[in-house]
Amino acid sequence: MEAGGGGAEEEQVMSEVHLGCPPHFSGLHVSRFSFSSRPVGPSGDNDGGGGDGSELVAATSGSFAVDEDGDLVLDRRRGRNKYVRSDCHLLTIQHGVTSSLKSVGLQVWKAALLLADFVLHKSFSSSNFDGVTAIEIGAGTGLVGLALAPVARRIFVTDRGTDILDNCLANVHINSGMLKFDEAKVCVRELDWKTSWPPPVGTYDPSDPSRYLWSASEVEEAEKATVLFAADVIYSDDLTDLFFDTVKKLMSSGAKKVLYLALEKRYNFSLDELDVVANGYMHFRSFFTAQDGHGDPIDGYGPGFVGKQIDPAEIPQYIREYERGKDLEMWMIMYSPDQKQQ
């Protein structure tokens with residue numbers, strides 16, 4: 001998740017996902033999100049009746065607790081079921097509890113969890129994402145890319161700013177062993193939406209501040225990507241403009257691509273309309289023509305972009321530690337240069 005700059009006294013914001021974390025926690029926190037190959041049922045237990053029903057809670061420090069044998073110790077809330085599934089996995093995410101607007105990528109947001117559920121569902125129920133090359137745009141903590149990593153051929157996890165990219169890379173290191181994926185297939189790279197694609201290229205040097213630069217071969221490989229992912233990148237009209245400009249350039253290069261985008265509508269009071277409205281959402285919708293399941297246009301103007309909404313109710317919930325609410329949306333967006341503006 002990208003964000004613009006700001007002053008030193010910026011207001012702090014907090015994701016609802018982190019409401020259970022220690023208040024006024026400074027520094028980076030570790031939360032563990034649990035999932036299995038069977039989704040969470042309406043009661044909170046896994047479908048099929050064998051789920052553990054208990055939710056894993058965040059660790060209270062930036063390091064793992066281990067027992068005398070060196071095994072990971074997990075804190076749990078009181079469970080509703082004494083049985084624990086043997087196929088339970090963990091996404092372990094290092095993140096900020098609060099942040100300034102320019103550093104919102106240090107937090108986990110609901111739309112990223114919805115998009116991760118979508119990725120997990122496709123991974124468990126089909127081969128759609130097996131062996132794909134993909135790009136996560138505005139990745140923040142990299143949660144969606146980590147969910148895809150076990151089945152992808154290569155995933156470019158992108159954002160802007162050394163603090164966010166360093167944290168994202170730390171999450172790759174934390175999860176590679178637990179989720180059993182090769183770290184080499186996950187490339188954490190800087191992608192500034194204000195810079196035209198292709199991005200600046202350089203030589204990788206772990207000690208260099210510009211270590212997140214792309215190599216020429218990586219740019220070529222990224223252009224062969226067939227899937228793009230983005231979550232919670234729609235909250236500023238200026239950034240939405242830059243986001244779609246970047247997506248257009250990516251989709252116009254190399255292989256044909258599809259974008260899966262998840263967002264949460266955010267409402268504010270408008271003096272112009274004297275009502276609570278989601279202006280940022282309406283600006284987002286102005287970028288593409290929405291179609292129904294039969295390919296017929298519903299609304300929008302889309303300069304080459306065509307979108308189909310995916311009902312979140314059709315995406316089983318695998319990750320236990322969040323409540324979706326009613327303001328989450330999921331879109332599949334494609335780009336066709338021949339699509340005429342209506």
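# Exercises on a predicted chain

Take contacts (heavy atoms within 4.5 Å) in the protein chain between residues at least 6 apart in sequence: 72% of these join residues at least 24 apart. This is a predicted model, where local features need pLDDT of at least 70, side-chain atom pairs count only at pLDDT 80 or more, and totals for chains, interfaces and linings use all residues. Residues are numbered from 1 along each chain as its sequence is written, and side-chain values use heavy atoms, with hydrogens and water left out.

## Exercise 1: Confidence

**Solution.** 
- Step 1. pLDDT is the predictor's confidence in each residue, from 0 to 100.
- Step 2. Residues 48–67 have a pLDDT below 50.
- Step 3. Where pLDDT is low, the predicted coordinates should not be read in detail.

## Exercise 2: Helix H3

What does H3 span, and which strands and helix do its buried residues pack against?

**Solution.** 
- Step 1. Helices (H or I, at least four residues) and strands (E, at least two) are DSSP runs, numbered from the N terminus. H3 covers residues 162–179, which is 18 residues.
- Step 2. From first C-alpha to last, H3 reaches 25 Å, close to the 26 Å expected at 1.5 Å a residue. The expected span is 1.5 Å times one less than the number of residues.
- Step 3. Buried means under 20% relative accessible area, exposed over 50%, partly exposed in between (1.4 Å probe, protein chains only). Buried residues of H3 include Ile164, Cys168 and Asn171.
- Step 4. The buried residues of H3 pack against S2, S3, H2, S6 and S7.

## Exercise 3: Ala134

Is Ala134 buried or exposed, and which residues does Ala134 touch?

**Solution.** 
- Step 1. Ala134 is in strand S5 (residues 133–137).
- Step 2. Ala134 counts as buried because its relative accessibility is 0%.
- Step 3. Beyond four places in sequence, Ala134 touches residues including Leu148, Phe156 and Ala225.
- Step 4. Ala225 is 91 residues away along the chain, yet the two C-alpha atoms are separated by 5.0 Å.

## Exercise 4: A ring pair

How many aromatic pairs does the whole structure hold, and what is the geometry of Trp197 and Trp214?

**Solution.** 
- Step 1. Rings of Phe, Tyr and Trp (its six-membered ring) pair if their centres lie within 6.5 Å; planes under 30 degrees apart count as stacked, over 60 as edge-to-face and the rest as tilted. The search finds 19 pairs.
- Step 2. Trp197 and Trp214 are edge-to-face, at 5.4 Å centre to centre and 90 degrees between the planes.
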